[in-house]
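Below is a short briefing on one structure.

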Amino acid sequence: MGETRPVFRSATARSILLRMVPASLAVLLLVGYLLTSFARTELEQEARQRLSLLSLQIEISLEHEIDFIVNAANAMAGNEILIDSLIDSQSRTTYLPIFFASLRLPVAGESRVVFTDYKGRILAKTDPIDGDFQDAPWLRSVMIGEQVVQFGAHGMRVVVPVLYNDLVEGTLVIDLPSITMRNILVQEIGETANAVSYDGVVLASSDADFMTPGGDDRVAASAGWLLFQKNMTDYAGLRLAVGQKKVAAFAAVDKMINALFVVGGVLAISLIIGILTTLNSLTSPLSRLTAAVQGVRSAEDMKRKIKISGPEEFQILASAFNDMTSRLLRSASKRKYAEAANEAKSEFLSSMSHELRTPLNAILGFGQILEMDDENRLSKDQKESAHMILRGGQHLLDLINEVLDLSKIESGNFSLSMEPVQPGEVLGECLTLIGPMAKSEGITITVEPAVLSAPMVMADRTRFKQVLLNLLSNAVKYNRPHGAVTVSTEIGDGGMLLLSVKDTGVGIAEDVHDDVFNAFTRFSGNQTDVEGTGIGLTITKKLVEVMKGRIGFFSTVGEGSTFWVEIPLSVEKSPILESASFTRNEEREMLMSEDTAGRTVLYVEDNPANLKLIEMLVKRVPGVSLISAHNAEIGVVMVEEHKPDLILMDINLPGMSGIEALKKIRENPELADIPAAAISANAMPRDIEKGMDAGFMDYLVKPIQLDQVRALFARVFQSGDDAASS
Amino acid sequence: MSKTAPLSLLVGLALMVGFFLLSPNEARADNHPILIGLDADMSSGSALSGEAIRRGTAVAIAEINESGGLLGRPLMLTVRDHRGNPSRGKDNIIELAEMKNLLAVMGGIHTPVAMAELDLLHDNKIIYLSPWAAGTPVVDNGKNPNYVFRVSVRDQFAGRFLVKGAAARGYKKLGLLFERTGWGRSNEKAFAKAADELGIKLTGVQWLNWGAKDLTAQIKMLKADGAEAVMLVANPREGVIAVKNMASLPADQRLPIISHWGITGGRFAEGVGEDLQKVNLSVLQTMSFMNPPRPDKAASFLARYYKMYKDTSKPEDIRAGVGAAHAYDLMHLLGLAVKQAGSLDRARVRDALEAVKHYKGLVRVYNPPFSPSRHDALSEADFSLARYGANGILVPASR
């Protein structure tokens with residue numbers, strides 16, 4: 001994101017514009033729509049009110065006009081000469097025609113006035129007329145004293161009674177031609193149109209578009225008009241219609257819409273400009289920040305500083321960033337130093353472990369050979385010495401392993417693989433290992449049946465096993481001769497499994513309870529002969545804690561101790577194992593001679609002492625012959641040539657390493673299935689992991705334990721048979 | 001008063017039904033009642049005169065029917081109201097003319113209506129008996145044979161009588177206030193002639209219209225022309241206005257009014273009310289039941305009258321009595337003529353009316369009533385002047 005890039009090209013700008021502009025325009029449109037529709041409703045209401053008012057005005061004026069004509073007719077009907085002429089039948093012919101000829105009504109010069117007797121017979125008239133009114137429908141009404149106002153295509157007719165002594169004796173008819181009627185009925189008022197209808201038929205209209213004379217007043221008003229209709233109160237049948245063209249009525253709305261469009265356009269443009277300028281002020285510091293962050297990420301350019309400018313928040317951010325990078329710079333150098341120190345320690349431990357193991361390998365190996373040599377029987381003293389050598393070596397080895405372990409745990413350079421684990425199964429494995437030791441001490445280990453069916457716990461299987469082994473071995477080691485160890489279990493609080501190992505040893509004095517889990521503390525009491533590194537329980541406690549468990553104990557001096565661990569239960573259920581009680585008497589013979597008959601084992605090893613040790617060991621396994629190579633290159637050739645049943649491979653070889661050699665072997669499909677195990681003094685977990693990754697089925701750490709080799713053989717050769725026989 | 005009209009119709013109908021029941025079958029056609037039409041104002045401004053005429057006619061018919069009717073047939077009155085309107089009157093005549101058994105039509109107070117009906121009457125040969133309308137041309141109508149017979153004032157005589165009366169009261173200059181109709185014009189001629197003959201000055205004539213609402217202007221004009229008395233020819237409605245307008249003038253400016261009798265045909269006294277005493281008003285009359293010319297005849301008439309009309313019991317109760325008296329005499333004269341003619345043929349009865357020799361009537365003794373050249377039975381000698389008493393009753397004026 002270069003700083004020279006135009007702001008509207010930036011993704012942020014685009015996204016803000018895309019979010020804000022359409023939304024703002026939509027809101028504007030909505031507001032506009034609501035506003036115009038509201039205005040339209042208001043205008044329509046207002047227009048209707050105006051029309052209603054107008055119709056009232058027109059009605060009043062119209063009624064006034066009609067009243068005027070009716071009043072004029074009544075005034076004329078009340079004229080004495082006219083009344084008298086009804087009676088003066090002899091001489092009225094001399095003056096009535098003259099009177100009528102001269103008659104001009106003030107309202108309308110064009111009107112025709114007709115004077116009839118009580119039966120509608122014409123007595124006098126201003127203009128010629130066909131027939132008389134004897135059968136006129138209005139006659140009856142007029143003769144009972146009513147006045148009649150009629151409208152039609154011909155025009156308007158007003159008939160009033162002529163009274164004498166309050167009795168109707170004649171009628172006066174005033175006919176207004178349609179043109180005069182139209183002038184009276186229709187008034188041009190502003191932008192409105194009006195029309196008058198009689199019995200639903202339009203008589204007159206100020207605008208032919210509005211209503212057509214002669215048409216129906218209900219359908220006449222077209223959709224383009226706002227219409228208001230009103231029945232006239234004083235003149236039945238007469239209906240007034242007032243209309244306004246919608247275009248005219250809503251002109252204000254149209255203007256408003258136009259104005260809204262302009263406002264909308266201006267708003268949208270100013271919005272875009274505003275957003276862009278704001279974004280510009282935001283994105284340039286943001287771009288600088290981004291560039292700096294990317295610089296830190298990709299090039300670890302911690303020295304880069306951001307120019308402090310822009311809005312306050314950005315200034316704070318920039319200075320915070322600068323502060324952060326300088327701190328990071330400092331902490332990074334500290335970390336590097338610490339890492340280097342740690343690395344040095346690891347390397348030291350690794351090499352120490354390797355350097356110590358190599359001589360130990362010889363000590364323990366040959367000690368074992370010496371002890372087990374059946375051909376050259378040792379004297380009792382010699383045997384005792386060899387045994388002491390072995391015990392010392394073994395103790396040293398344990399110490400090295402546990403120190404390594406502890407350092408690993410303390411450095412945190414240690415990973416757990418938590419999984420559901422069956423405590424019964426793990427306990428079984430532990431008993432297999434502890435069994436011989438217990439047997440040699442004459443100690444009975446009793447496992448309560450509940451342990452075998454205990455529910456699964458969530459733990460690292462290896463570490464859990466290590467914990468149990470430690471507790472069991474302690475229980476055996478610190479027991480009295482022919483004592484007992486009891487393993488029991490129960491479900492504890494909070495989804496924990498409580499596992500207790502009870503011994504019948506001397507117990508732990510109360511004043512040292514607090515030191516039990518501290519490193520290098522041993523409470524052997526008078527049992528000074530018990531071997532121990534002094535850090536077993538320390539490691540155990542740490543392991544239990546990293547597995548989210550707890551550990552503790554209670555002890556009675558002279559009676560024994562009970563160590564317990566609590567491990568979280570897994571959600572998975574455990575299958576019920578067969579109830580079993582393991583005792584040292586039930587130890588199995590692990591190797592069968594027929595399993596190993598005619599087998600060839602290749603050992604690639606540069607260290608003659610180690611080679612010698614394995615040679616001696618293999619000699620003791622009937623039917624197995626050992627071939628060897630002192631470097632990897634020869635080893636590979638020998639594998640191709642002899643196709644051994646098992647390859648034992650040292651890792652640290654001159655030239656090609658053991659791992660490289662195995663890789664080479666595995667390239668040949670014919671040799672790919674040959675089982676291979678690593679034997680190395682590199683005991684660091686990293687090394688073991690590397691080896692296992694390379695394809696070794698097992699990784700034996702020097703000093704070589706004969707039991708381990710035997711177990712390896714048993715596993716390889718048995719499984720090989722199983723595979724062949726199946 | 002018009003309320004009693006349906007009652008009289010019922011009486012007539014009852015009589016008719018009675019005759020049907022009494023007569024043998026073969027004589028039934030001959031025994032149809034003889035119809036006497038009454039064509040007068042029964043409901044408008046002069047309704048009182050119409051009712052008076054109806055009552056007088058009815059009393060006479062009752063007497064005739066009681067004595068066996070005419071030529072063995074009963075008389076029956078059929079009433080038509082013209083309200084003083086000639087158009088209605090003409091229509092009434094047309095209607096009556098179509099009636100098979102019509103013998104004669106009794107007219108009303110209105111000269112203009114009678115005038116308008118003349119052609120129809122003569123075209124249909126209908127005997128027209130006039131008990132009130134005084135217009136000279138009603139009788140002097142130029143028709144030959146003349147079917148109009150009158151027992152009433154003749155304007156020609158009335159003019160002379162009233163001018164004389166004015167002169168006798170010392171009025172030398174007379175202003176005329178006449179209704180603008182044929183009647184008014186009939187009087188204009190009569191007054192002009194009489195004044196000329198009697199050496200009385202007529203200061204001028206002011207015409208008043210039917211339906212007039214104020215006559216002050218006319219009265220003032222008459223005064224301005226120097227009239228000492230106002231001669232009034234009008235009907236009750238306009239008469240009331242004239243008298244009230246006169247009364248409204250300051251007392252020293254009021255003129256005496258000598259009126260033709262048209263004003264007595266309606267509820268004049270009620271209309272004028274208290275103003276009546278403010279104006280010196282004399283009015284033409286023929287006879288009065290207060291002072292009847294033939295008391296015995298009047299007594300027998302009144303006895304029957306009171307019997308037939310329960311709202312009356314003394315002479316003062318008989319309103320517009322002249323109409324009743326004239327109609328009564330006319331009806332009996334017609335009866336005599338039928339008897340003399342021995343026929344119901346109207347032409348022959350008309351001829352017989354001219355030939356009736358003698359009749360002792362209510363108004364006077366007719367000896368003879370009519371002649372071929374004279375169809376007016378009364379003369380100036382039968383006239384008198386009367387005044388309205390405090391109770392609105394006309395009383396004969398002391399000379």
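Arg710(A) sits in helix α18 (residues 706-725) of chain A; helices here are DSSP runs of H or I with at least four residues, strands are runs of E with at least two, and both are numbered from the N terminus. This is a predicted model: local features need pLDDT of at least 70, side-chain atom pairs count only at pLDDT 80 or more, and totals for chains, interfaces and linings use all residues. Residues are numbered from 1 along each chain as its sequence is written, chains are lettered from A and ligands numbered from 1 in the order in which they are written, and side-chain values use heavy atoms, leaving out hydrogens and water.

**Chain A overall**

- Chain A holds 18 helices and 21 strands.
- Of its 726 residues, 44% are buried. Buried means under 20% relative accessible area, exposed means over 50%, and partly exposed lies in between (1.4 Å probe, protein chains only).
- Among contacts in chain A with a separation of 6 or more, 64% link residues 24 or more positions apart. A contact means heavy atoms within 4.5 Å.
- Chain A exposes about 37700 Å², and carbon and sulfur atoms supply 55% of that area. Accessible areas come from the Shrake-Rupley method with a 1.4 Å probe; for residues, only the protein chains shown count as cover.

**Surface patches**

- Patches take residues with over 30% relative accessible area and no salt bridge; like charges are joined within 9 Å, and nonpolar side chains (Val, Leu, Ile, Met, Phe, Trp, Tyr) within 5 Å.
- Lys612(A), Lys619(A), Arg620(A) and Arg710(A) form a positive patch. Lys and Arg count as positive, Asp and Glu as negative; His and the chain ends are not counted. A charge is placed at NZ of Lys, CZ of Arg, CG of Asp or CD of Glu.
- Arg710(A) is partly exposed, at 34% relative accessible area.
- Val27(A), Val31(A) and Leu35(A) make a nonpolar patch of about 240 Å². Val27(A) belongs to helix α1 (residues 11-77) of chain A.

**Salt bridges**

- The count over all chains is 42 salt bridges. Each is a side-chain nitrogen of Lys or Arg within 4 Å of a carboxyl oxygen of Asp or Glu.
- Arg121(A) pairs with Asp91(B), with the closest N and O atoms 2.3 Å apart. Arg121(A) lies in the loop between β1 (112-117) and β2 (122-125) of chain A and Asp91(B) in helix α3 (residues 86-97) of chain B, so the pair joins two chains.
- Arg121(A) is partly exposed at 21% relative accessibility, whereas Asp91(B) is buried at 9%.
- Asp323(A) and Arg327(A) form a salt bridge at 3.5 Å, N to O. Both lie in helix α8 (residues 312-372) of chain A, four residues apart, about one turn of the helix.
- Asp323(A) is partly exposed at 37%; Arg327(A) is exposed at 52%.
- Arg350(B) bridges to Asp351(B), with the closest N and O atoms 2.9 Å apart. Arg350(B) is buried at 6%, and Asp351(B) is partly exposed at 41%.
- Shared partners join Arg160(B), Lys164(B), Lys193(B), Glu197(B) and Glu380(B) into one salt-bridge network.

**A buried loop residue in chain B**

- Leu378(B) lies in the loop between β12 (365-366) and β13 (384-388) of chain B. Its relative accessible area is 1%, which is buried.
- Not counting residues up to four places away in sequence, Leu378(B) touches Val151(B), Ser152(B), Phe157(B), Thr286(B), His326(B), Val363(B), Arg364(B) and Tyr366(B).
- Leu378(B) and Val151(B) are 227 residues apart along the chain, yet their C-alpha atoms are separated by 5.9 Å.
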